[in-house]
Amino acid sequence: MYINRLNLKGKIAVIVGGSQGIGLAAAQALSEFGATTVLAANNAATGGAAVEHLNALGHPASFLEVDVSDPDAIADLMATVAAKHGRIDILVNSAGVACHGSSLDLPNGEWQRILDVNLSGAFWAAREAARQMLKTGGGSIVNVGSISGLIANIPQNQTAYNASKAGVHLVTKSLASEFSGSNIRVNAVAPGYVETELTRGGIDDPDWFPIWRQKTPLGRVAQVEEIASVIHFLASDAASYMTGSIVVVDGGYTAI
Ligand SMILES: NC(=O)c1ccc[n+]([C@@H]2O[C@H](COP(=O)([O-])OP(=O)(O)OC[C@H]3O[C@@H](n4cnc5c(N)ncnc54)[C@H](O)[C@@H]3O)[C@@H](O)[C@H]2O)c1
């Protein structure tokens with residue numbers, strides 16, 4: 001039955017950056033197909049609210065506070081989840097930060113912060129989750145990249161963010177190759193503009209939003225569930241022949 005290939009009953013899923021936005025929507029999608037979710041992020045207040053939201057829908061979920069840019073903290077996180085639940089089957093890497101402005105004015109520390117969270121964080125989390133997955137026979141990792149890892153979208157300048165997401169795409173392909181013999185699939189979703197806290201400023205900006213919309217053939221930004229559905233698909237057995245793929249979900253932005 002094809003529907004069984006989407007089923008996640010009994011699976012343990014860690015969603016880094018799961019306290020809000022795309023990560024929380026992914027947690028809900030995975031939950032609705034039967035997974036038990038562990039949300040991890042750097043904001044305990046929204047993490048608690050996210051767990052309450054999932055619990056109110058009848059889904060088991062918990063939250064652990066972590067800074068994804070700290071490799072030791074991420075190793076502890078994955079070991080803690082595996083000790084409590086016995087395994088990790090799915091990792092979604094959705095933690096992310098952005099900054100905008102002229103590269104000439106970019107403080108050195110800002111460049112480093114964006115790379116530390118978006119790129120190094122995705123690698124630490126994937127590596128530490130993979131260590132746990134190897135103990136139980138495999139798993140599925142879904143990184144959240146971006147169209148900004150494929151093209152330099154305009155009008156905003158965001159060189160650090162773009163570089164970090166291009167790096168996430170190559171980490172995805174590299175780990176897919178490295179773990180191909182270990183039954184660990186590694187894929188990425190590359191969204192276009194999605195309505196979240198991350199894009200609130202741009203959506204409200206009269207100089208940016210008309211350009212975003214004009215350059216998107218579907219003529220609108222995405223809602224989080226439109227990305228979460230693809231994350232669920234990639235995490236599930238329905239995508240069993242996919243690894244190393246960067247799946248673009250952008251309303252056509254990069255098609256023209
Ligand atoms: N919104 C978009 O248009 C869009 C487009 C393409 C890609 N993305 C990517 O999607 C992912 C999710 O973004 P979103 O739009 O849901 O944004 P969001 O701001 O709503 O959520 C970001 C999440 O990352 C977590 N986070 C940030 N820094 C962290 C850190 N140091 N340690 C642990 N957690 C941290 C936050 O707590 C939050 O849970 C990001 O990787 C982002 O780059 C977003």
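User: What makes strand 2 and strand 3 a pair, and in which sense do they run?

Analyst: Two strands pair if DSSP finds at least two bridges between them, and strand 2 and strand 3 share 5 bridges in the parallel sense, so they count as a pair. The strands, like the helices, are DSSP runs numbered from the N terminus (E of at least two residues for strands, H or I of at least four for helices). This is a predicted model, in which local features need pLDDT of at least 70 and side-chain atom pairs count only at pLDDT 80 or more, while totals for chains, interfaces and linings use all residues. Residues are numbered from 1 along each chain as its sequence is written, and side-chain values use heavy atoms, with hydrogens and water left out.

User: Why is the sheet called open, and which strands stand at the edges?

Analyst: The sheet has 7 strands in the order 3-2-1-4-5-6-7, paired in parallel. Strand 3 (61-65) and strand 7 (246-249) each have a single partner strand, so one side of each is left without a neighbour in the sheet. From one strand to the next, the twist averages 20 degrees.

User: Which strands does helix 4 touch, and what angle does its direction make with that of strand 4?

Analyst: Helix 4 packs on the sheet, where it touches strand 1 (12-16), strand 4 (90-93), strand 5 (139-144) and strand 6 (184-191), contact being heavy atoms within 4.5 Å. The direction of helix 4 makes about 180 degrees with that of strand 4, on a scale from 0 to 180 degrees between N-to-C directions, with axes fitted to C-alpha atoms (for helices, over the stretch in contact). Helix 5 also packs on the sheet, touching strand 5, strand 6 and strand 7, and its direction makes about 160 degrees with that of strand 6.

User: How do you know that helix 3 and helix 4 meet, and which residues are involved?

Analyst: In helix 3, the residues P71, I74, A75, M78, A79 and A82 meet W124, A125, E128, A129 and Q132 in helix 4. By class, the residues of this contact are 9 nonpolar, 1 polar and 1 charged; here Ala, Val, Leu, Ile, Met, Phe, Trp, Tyr, Cys and Pro are nonpolar, Asp, Glu, Lys and Arg are charged, and the others, Gly among them, are polar. The axes of helix 3 (residues 71-85) and helix 4 come within 9 Å and cross at roughly 30 degrees.

User: What makes a space a pocket and not a cavity?

Analyst: On a 1 Å grid over the protein atoms alone, a cavity is a set of points where a 1.4 Å probe fits but cannot get out, whereas a pocket is an open set with protein on both sides within 12 Å along at least five of seven lines; lining residues have an atom within 4 Å of a point. The largest pocket has a volume of about 890 Å³, a volume being the space filled by probe spheres set on the grid points, which are joined across faces, edges and corners. This pocket is lined by 44 residues, with S94, A95, G96, V97 and L198 nearest its centre. Helix 1 gives the largest share of this lining, 3 residues, and by class the lining has 18 nonpolar, 22 polar and 4 charged residues.

User: What is the volume of the second largest pocket, and which residues are closest to its centre?

Analyst: The second largest pocket holds about 210 Å³ of space. Of its 16 lining residues, K11, G139, S140, N183 and D237 are the closest to the centre. Its lining divides into 3 nonpolar, 8 polar and 5 charged residues. N183 lies in the loop between helix 5 and strand 6, and has a positive phi of about 60 degrees although it is not a glycine.

User: How many cavities are there of 30 Å³ or more, and what lines the largest cavity?

Analyst: The whole structure has 2 cavities of that size. The largest, of about 40 Å³, has a lining that includes C99, H100, L106, N157 and A160, with 3 nonpolar, 7 polar and no charged residues. The second largest cavity has about 30 Å³, and helix 4 supplies the largest share of its lining, 4 residues.
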